[in-house]
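Colleague: I would like to learn how to read a helix and its surroundings in a model like this one. Could we go through it feature by feature?

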Amino acid sequence: MSSQMASEQDNELLHLVPLYKHDWKKITKRLNNLFNLKANANEVRNRYLKLQESKPKAKRQSFSRDLDVQIAVMVDKYGLCWLEISKHLDLDPMKIKNRYYSHIKKRNLMPILLQESTASKKASSQVQQSTQFEYKVFSSQSPMRMSTAEQYSEEPFGMTSIPQVSLDEFLEDFGPKMDF
């Protein structure tokens with residue numbers, strides 16, 4: 001058997017395993033038909049495991065607090081479906097599962113991390129809203145407040161304008177609520 005043929009078989013094997021979800025009988029049947037082999041399911045499985053061992057090991061990485069928050073949010077959203085969570089976080093499902101059980105669940109950090117997530121979303125949305133509003137306030141031609149008719153007058157492309165207020169009025173309305 002040539003090395004080129006073996007590498008083609010290996011590539012096909014690596015492609016078929018996730019496709020057939022480790023159903024070794026189906027994978028073996030497909031490989032035997034494609035390459036005129038007479039392998040059994042155990043031989044194919046052992047070949048796959050050998051290929052997995054020869055892969056370079058991933059470097060150990062430390063988990064950050066932000067990553068723990070993301071894991072907690074994803075577990076809250078998707079449940080314990082590690083494969084689905086790994087698609088969103090681009091991490092190995094086993095690493096996510098181990099991190100969840102050994103760190104987050106063991107220390108009962110789930111409510112704390114979810115609270116951090118909602119607090120950071122609120123803070124970022126308040127900052128985003130205030131910067132958009134300040135942009136409109138400082139870009140206005142006149143510092144005076146617009147009348148109701150002017151507030152909702154049509155602008156090009158069907159956009160309506162945002163009511164203009166002074167900075168003092170803005171801070172009076174929103175200042176105390178923006179605690180970080």
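Colleague: How many residues does helix α2 have, and what distance does α2 reach from its first C-alpha to its last?

Modeller: Please keep in mind that this is a predicted model. Helix α2, residues 24-35, has 12 residues and reaches 16 Å between its first and last C-alpha, which is close to the 16 Å expected at 1.5 Å a residue. Just after α2, Asn-36 takes a positive phi of about 50°.

Colleague: Which residues of α2 are buried, and which exposed residues does the face turned away from them carry?

Modeller: Buried is taken as under 20% relative accessible area, and exposed as over 50%. In α2 the buried residues are Trp-24, Ile-27, Thr-28, Leu-31, Asn-32 and Phe-35. Seen down the axis of α2, these buried residues fall within an arc of 130°, so they line one face of the helix. The face turned away from that buried side carries the exposed residues Lys-25, Lys-29 and Asn-33.

Colleague: At what angle do α2 and α3 pack, and which residues meet there?

Modeller: An angle of 65 to 115 degrees counts as roughly perpendicular. Helix α2 packs against helix α3, residues 41-54, at an angle of about 95°, with their axes 9 Å apart, and that makes α2 roughly perpendicular to α3. From α2, Trp-24, Lys-25, Ile-27, Thr-28 and Leu-31 meet Ala-41, Val-44, Arg-45 and Tyr-48 of α3; the residues of this contact divide into six nonpolar, one polar and two charged.

Note on methods
Residues are numbered from 1 along each chain as its sequence is written. This is a predicted model: local features need pLDDT of at least 70, side-chain atom pairs count only at pLDDT 80 or more; totals for chains, interfaces and linings use all residues. Side-chain values use heavy atoms; hydrogens and water are left out. Helices (H or I, at least four residues) and strands (E, at least two) are DSSP runs, numbered from the N terminus. The expected span of a helix is 1.5 Å times one less than its number of residues. Buried means under 20% relative accessible area, exposed over 50%, partly exposed in between (1.4 Å probe, protein chains only). The arc is that of the directions from the helix axis to the C-beta atoms. Axes are lines fitted to C-alpha atoms, for helices over the stretch in contact, and angles run from 0 to 180 degrees between N-to-C directions. Angles under 35 degrees count as roughly parallel, over 145 as roughly antiparallel, 65 to 115 as roughly perpendicular and the rest as oblique. Contact means heavy atoms within 4.5 Å. Ala, Val, Leu, Ile, Met, Phe, Trp, Tyr, Cys and Pro count as nonpolar, Asp, Glu, Lys and Arg as charged, and the others, Gly among them, as polar.
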